[in-house]
Amino acid sequence: SCCDALARLGYVALALDLFGAGECVFDKQQRAAILDPLRADRTRVAARVQAAYDALLRQPECDASRGVAAVGFCLGGQAVLDLARAKT
């Protein structure tokens with residue numbers, strides 16, 4: 001996973017279950033049923049991402065003074081951009 005690769009490079013990494021499903025969702029219909037409401041409610045997504053960001057910063061391994069980066073794909077990419085915009 002991306003988190004494993006980042007951790008091997010010495011970074012503190014966190015994987016957020018943005019779907020809230022507790023597992024990888026490969027079924028297209030099931031994924032759409034989860035994603036569509038999230039796409040419609042960016043405030044809900046932003047709250048999940050902010051909570052994950054805050055949790056990461058509370059980890060003793062995380063030194064925010066060295067900088068914090070985020071990676072996301074698809075809805076996660078949108079969420080990362082929203083988080084960055086909120087932090088500016």
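**View A. A nonpolar patch on the surface of this predicted model, made of Leu6, Leu9, Tyr11, Val71 and Phe73.** Patch members need over 30% relative accessible area and no salt bridge; nonpolar side chains (Val, Leu, Ile, Met, Phe, Trp, Tyr) are joined within 5 Å, like charges within 9 Å. Leu9 sits in the loop between α1 (2–8) and α2 (28–40) (helices are DSSP runs of H or I, at least four residues, numbered from the N terminus). Leu9 counts as exposed because its relative accessibility is 64% (exposed is over 50%, buried under 20%, partly exposed in between; 1.4 Å probe, protein chains only).

**View B. Asp36 and Arg39 paired in a salt bridge.** The N to O distance here is 3.7 Å (the cut-off is a Lys or Arg side-chain nitrogen within 4 Å of an Asp or Glu carboxyl oxygen). Both belong to helix α2, 3 residues apart, so about one helical turn separates them. Asp36 is partly exposed at 45%, and Arg39 is partly exposed at 40%.

**View C. A salt-bridge network linking Arg42, Asp82 and Arg85.** Arg42 meets Asp82 at 2.7 Å, N to O. Arg42 is in helix α3 (residues 42–57) and Asp82 in helix α4 (residues 75–87), so this pair ties together parts 40 residues apart in sequence. Arg85 bridges to Asp82 too, at 3.0 Å, and those two lie 3 residues apart in α4. Arg85 is exposed at 54%, while Arg42 is partly exposed at 39%. The whole structure has 3 salt bridges.

**Notes.** Residues are numbered from 1 along each chain as its sequence is written, and side-chain values use heavy atoms, leaving out hydrogens and water. As the model is predicted, local features need pLDDT of at least 70 and side-chain atom pairs 80 or more, whereas totals for chains, interfaces and linings use all residues.

Key:
Areas by Shrake-Rupley, 256 points an atom, 1.4 Å probe, with all protein chains shown as cover.
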